[in-house]
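Welcome to this short tour. Open your viewer, get ready to select residues, and follow along one stop at a time.

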Amino acid sequence: MKKITVAKGDGIGPEIMDATLDIILAAGAKIEVDEIEVGEKVYLAGNTSGIASESWDTIKANKVFLKAPITTPQGGGYKSLNVTTRKFLGLYSNVRPCASLHPFVKTKHPKMDIVIIRENEEDLYAGIEHQQTDEVIQCLKLISRPGCEKIVRYAFEYAKQYGRKKVTCFTKDNIMKQTDGLFHLVFDEIAKEYPEIENEHWIIDIGAAKMADTPEVFDVIVTLNLYGDVLSDVAAQIAGSVGLAGSANIGEECAMFEAIHGSAPRRAGQNMANPSGLLQGAILMLNHIGQTDVAEKVQNAWLKTIEDGIHTYDIYKEGISKQKVGTKEFALAVIANLGRKPSVLNSVSYAKGNALVLPKYKRREPMKKDLLGVDLFVHSVTHNPNELAEKIKKIENNGIKLSMITNRGIKVWPDGFKETFCTDHWRCRFKPSDNTHISKSEIIELLKDALNENIDVVKTENLYAFDGKPSFSLGQGQ
Ligand code: NAD
């Protein structure tokens, strides 16, 4: 018996949760439900994160959390419960299966059956933003080796558990050679450990276009946070079934399962809502905790019910559907189909899978780190790079020379183009003229001299080589 935390949420949440629990318990799920309150009531009682601290204790103790959608009250100051939960519990992996149910649910892509596995904690979603000059604001994109290794390994393990044939990696490493480059590199490293699963890499732009056009060529897709966020909504939409999709958020210790839709407040309390999205979340949960036989039984019964044309209002179509039902009746129809398999849609077979147990991330030996120079980011309203260079060169000392100025990444000095548009935010790169190392105290001297010369340094970035390999970007055009 596995104890799980359940939150019935707001709007249609309680109805779809009751339907989901009825179905999985009827199928023989060995779970004990530990209920907590999250969402609107908790927010309105003055808790800005929508969850009480005792509820965190329950979630952490049980480790598995099935959550119905919640309503975030209008007005500022309320923090997203989903984002908080992902970050607090280290839920690094977001899994969203998107399969079409042709010909029972309308879609342009009858053969689509993909799973998007999205990194969930890093990338631009670290939310580290700073305005540095009148004209320029920065958002830091942070990518870590543990982050990449964990998500890529999860994608291959998922493919193995579900009998998937191929894992495709999407990045933009032709532009972001270091950050996306690391994700791609780690993908190639880990793919070698799974020779039975095909692997490939696509640049995200053309990959996304291909997915929207011909999704049947993809199987499992693993990608970084922002790309995955956009791509998974596109995938759910083109599968024709945003309201039918569930998702899993997986961490090393804890995991949360949910529907991808919201609390649909206008439909609440009317026995109208489709419980399928949350049921899909619950099926992911059953597989995650190793109750794969129950997951298989529920999924096949659900597919059979869709195939029988027993549909809630949101997917009901004259000519295709046979019977329009409410939430409870839909659940009863799925329960009546337990033990049956679909005949047109592909049935699933999960029962041989085990709970996904991923190895803990092993930290590597520290690398050799050499300081090769520094970038000073300067706020200057002088829009002529040559004039700016004259001023900046005044702080050169001890053989540490200004080697380059860029503006929004493009080299503008030396030998810039007068056509290049410049903002008030400049990157001034200093390196020793003999191309050896510099010290942190030399950087401090540069900063002191900048202060004396009235140069407005808004931030610095050290230029390192790791294990002898320079690990910073060149200026575009350098
Ligand atoms: P929504 O997903 O609740 O509704 C969008 C549309 O889809 C509505 O027409 C709704 O009636 C319909 N719909 C959604 N789920 C359905 C279901 N299971 N069966 C039948 N029809 C369904 O999105 P929204 O209206 O933008 O948001 C409503 C509330 O939900 C907001 O407070 C929002 O913050 C919240 N929300 C919560 C989550 C979450 O908890 N994970 C996610 C998204 C939105």
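With which residue does Arg 145 form a salt bridge? Select Arg 145 and Glu 189: they are the pair, and their closest N and O atoms are 3.0 Å apart. Arg 145 is buried, at 16% relative accessible area, while Glu 189 is partly exposed, at 28%. Keep in mind that you are exploring a predicted model.

Next, select Asp 375 and Arg 429. Their salt bridge has its closest N and O atoms 2.7 Å apart. Asp 375 belongs to strand S15 and Arg 429 to strand S18, so the pair links parts 54 residues apart in sequence. Are these two buried or exposed? Asp 375 is buried, with 3% relative accessibility, and Arg 429 is buried too, with 2%.

Now pick Glu 252 and Lys 360, whose side chains meet in a salt bridge of 3.6 Å, N to O. Glu 252 is partly exposed at 39%, and Lys 360 is exposed at 54%.

For the helices, select residues 276-288 (H9) and 292-307 (H10). Their axes are 7 Å apart and meet at an angle of about 155°, which makes H9 roughly antiparallel to H10.

Last stop: Leu 226, Val 230 and Val 234 make a nonpolar surface patch of about 210 Å². Val 230 is in helix H8 and is exposed, at 52% relative accessible area.

Technical notes
Residues numbered from 1 in each chain as written. Predicted model: local features only at pLDDT ≥ 70, side-chain atom pairs only at ≥ 80, totals over all residues. Heavy atoms only, no water. Patch = residues over 30% accessible without salt bridge, like charges linked within 9 Å, V, L, I, M, F, W, Y side chains within 5 Å. Areas by Shrake-Rupley, 256 points an atom, 1.4 Å probe, with all protein chains shown as cover. Salt bridge = Lys/Arg side-chain N within 4 Å of Asp/Glu carboxyl O. Helix = DSSP H or I, 4+ residues; strand = E, 2+ residues; numbered from the N terminus. Buried < 20%, exposed > 50% of the residue type's maximum accessible area, 1.4 Å probe, protein only. Axes fitted to C-alpha atoms, helices over the stretch in contact; angles between N-to-C directions. Parallel < 35°, antiparallel > 145°, perpendicular 65-115°, else oblique.
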